[in-house]
Amino acid sequence: MNDRSFAAGERLVAGAYLRQGREARRAHEQLLRSLLEKGKCPEDGWDESTIELFLHELAIMDSNNFLGNCGVGEREGRVVSGLVARRHFRLIHGIGRSGDIAAVQPKAAGSSLLNKITNSVVLDILKHAGVRSVASCFVVPMATGMSLTLCFLTLRHRRPKAKYIIWPRIDQKSCFKSMIAAGFEPVVIENELEGDELRTDLKAVETKIQELGAENILCLHSTTSCFAPRVPDRLEELAVICANYDIPHIVNNAYGVQSSKCMHLIQQGARVGRIDAFVQSLDKNFLVPVGGAVIAGFSDAFIQEISKMYPGRASASPSLDVFITLLSLGLRGYNRLLKERKEMFSYLSRELKKLSEVYHERLLNTPHNPISLAMSLQTLGSHSDTAVTQLGSMLFTRQVSGARVVPLGSVQTVNGYTFKGFMSHSSNYPCAYLNVASAIGMSKRDVDLFLKRLDRCFKAFSKEKSKENNDPEVKINEATDEKLEEMVLKMGDVDLGGHKDESS
């Protein structure tokens with residue numbers, strides 16, 4: 001209500017009471033005004049009532065919510081289900097126009113304002129996360145792979161003769177297929193083994209550029225966040241190479257926003273050389289549903305060029321999700337999550353190292369990877385690849401998600417390209433291993449449950465090995481062990497947080 005409405009209400013309720021209510025309303029409005037004026041993530045998170053008030057204010061600015069609106073077009077924001085309308089806060093028109101995802105819609109001033117302010121808030125978060133000189137960004141309703149494809153398609157118009165993309169190998173299908181979908185030929189650069197780490201072969205990159213000719217190369221496609229033992233690419237050196245040869249540089253930063261190290265690499269790469277755009281997932285970095293990404297860069301003109309390449313209007317759902325989440329957290333809340341993630345990485349690393357030594361394995365030494373860890377599986381791999389993959393199955397059936405087991409020598413063909421040692425980022429990695437990651441949102445309870453269940457899996461393998469060797473002690477104790485396991489399953493284990501683990 002405005003001041004005139006409050007004044008009219010004083011005829012029905014005592015003015016002192018209404019004035020108090022008006023001041024409460026003004027407190028909400030000050031938050032809204034500050035957000036629109038500054039375009040930055042608020043320092044402290046908002047309560048849900050303030051967020052809902054703002055979304056309601058935006059929604060009534062869209063034509064489908066006008067009182068007395070008469071729509072005679074083919075796209076008028078008509079939604080038959082009230083449940084669907086409420087799910088989207090009645091922001092039905094989406095974002096952008098047919099020729100530009102960032103354009104303002106005449107029918108949807110509220111949705112357009114949501115789009116603009118969301119991009120502004122996300123840009124502020126990217127700066128606080130470590131890429132201080134980022135100039136522009138926009139949220140796109142596609143996951144990371146298709147967002148990379150959009151970047152490559154935009155570069156096609158700048159480099160019409162180019163047909164190759166230089167790609168330091170990372171065994172993840174979507175980033176590889178993003179280049180194929182755009183119609184380009186990936187040139188795979190194998191990684192160098194340094195200790196346990198797989199690192200960028202800079203000499204091979206430069207040699208391949210000279211061999212193919214810089215004018216025939218669309219861009220260099222590098223990676224920050226990745227599964228250990230692969231570590232982030234040498235971004236600074238690659239950025240210098242790109243600047244020297246005048247080749248665009250696109251960075252796959254899929255879950256790198258949560259890592260200060262990954263963001264620092266991007267900032268430094270842009271400072272000393274060339275980085276045209278970097279792409280990150282919304283769900284992996286901001287704890288929202290899958291389906292969105294952020295495309296960011298150091299040239300506002302180039303980022304606008306990418307946004308105009310997107311055909312047609314777009315769903316506002318990813319923008320709405322990340323907008324609500326960041327307003328709920330505030331800058332302090334998001335920084336707290338980043339700090340907790342680092343703490344969990346240290347805790348997971350320390351405890352996984354202890355467990356690995358119990359079973360004569362070791363935590364691979366990958367200090368350049370700030371998110372992912374790898375533990376050798378040499379004792380299992382010495383039996384067979386089946387034993388390694390069986391460990392993965394055992395963990396999955398025990399409700400451990402996200403862990404990856406990587407056997408030796410796996411061969412896989414992706415879009416006509418055959419990769420030896422697929423998933424290990426190398427044709428000849430020396431050992432099988434287990435992958436886990438400390439990503440944003442992970443809790444100590446997650447770590448403790450994982451370690452407990454991994455320990456049980458190794459014990460099961462040890463028991464099976466002893467049976468194969470006809471160990472008499474195993475035969476004597478086997479019946480007792482089975483009874484104990486039955487008791488544990490009936491009781492449920494209580495973890496440190498007081499929650500029962502019913503799924504062991």
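Lys-284 is found in helix α11, which covers residues 282–286 of this predicted model. An unreviewed UniProt entry lists Lys-284 under "modified residue: N6-(pyridoxal phosphate)lysine". With a relative accessibility of 37%, Lys-284 counts as partly exposed, because that class lies between the 20% limit for buried residues and the 50% limit for exposed ones. Setting aside residues up to four places away in sequence, Lys-284 touches Ala-254, Tyr-255, Gln-258 and Ile-440.

The sheet may be described next. Strand β8, residues 277–281, is joined to strand β9, residues 293–297, by 4 bridges, and the two run antiparallel. Within this pairing, Gln-280 has Val-294 of β9 as its bridge partner. Both strands belong to an open sheet of 7 strands, ordered β1-β9-β8-β7-β6-β2-β3, in which the pairing is mixed. The edges are formed by β1 (136–140) and β3 (185–189), each of which pairs on one side only. From one strand to the next, the twist averages 20°.

A further set of positions comes from the record. Under "binding site", the unreviewed UniProt entry lists Arg-97, Ser-98, Gln-105 and Arg-313. Although these residues span 217 residues in sequence, no two of their C-alpha atoms are more than 9.7 Å apart, so they gather at one spot.

Two of the listed positions can be followed in detail. Arg-97 is placed in the loop between α4 (82–87) and α5 (109–129), and Gln-105 also lies in the loop between α4 and α5. Beyond its neighbours within four places in sequence, Arg-97 is in contact with Ala-103, Val-104, Gln-105, Pro-106, Gly-312 and Arg-313. With the corresponding neighbours left aside, the contacts of Gln-105 are Arg-75, His-93, Gly-94, Ile-95, Gly-96, Arg-97, Ser-112 and Arg-313. The side chain of Gln-105 also reaches the backbone oxygen of Gly-94 at 3.2 Å.

Arg-75, one of the contacts of Gln-105, is itself annotated: UniProt places the feature "binding site" there, again in an unreviewed entry. Arg-75 lies in the loop between α3 (48–59) and α4. Its relative accessible area is 23%, and Arg-75 is therefore partly exposed. Which residues does Arg-75 contact, leaving aside its neighbours within four places in sequence? They are His-93, Gln-105, Lys-107 and Arg-313. With His-93 there is a polar contact between the two side chains, at 3.0 Å.

The account ends with helix α5, where Ile-125 is placed. Ile-125 is buried, with a relative accessible area of 1%. The C-alpha atoms of Ile-125 and Gly-330 are separated by 9.8 Å, while the two residues are 205 residues apart along the chain. Not counting residues up to four places away in sequence, Ile-125 touches Cys-41, Phe-286, Leu-326, Leu-331 and Tyr-334. Among these, Phe-286 falls in the range of helix α11, residues 282–286, the helix in which Lys-284 is found.

Definitions and conventions:
Residues are numbered from 1 along each chain as its sequence is written. This is a predicted model: local features need pLDDT of at least 70, side-chain atom pairs count only at pLDDT 80 or more; totals for chains, interfaces and linings use all residues. Side-chain values use heavy atoms; hydrogens and water are left out. Two strands pair if DSSP finds at least two bridges between them. Axes are lines fitted to C-alpha atoms, for helices over the stretch in contact, and angles run from 0 to 180 degrees between N-to-C directions. UniProt positions are given in the numbering used here, feature names are shortened, and annotations may be inferred rather than shown by experiment. Contact means heavy atoms within 4.5 Å. A polar contact is a pair of N or O atoms within 3.5 Å; within protein, one must be able to donate a hydrogen and the other to accept it, and residues adjacent in sequence count only if both atoms are side-chain atoms. Buried means under 20% relative accessible area, exposed over 50%, partly exposed in between (1.4 Å probe, protein chains only).
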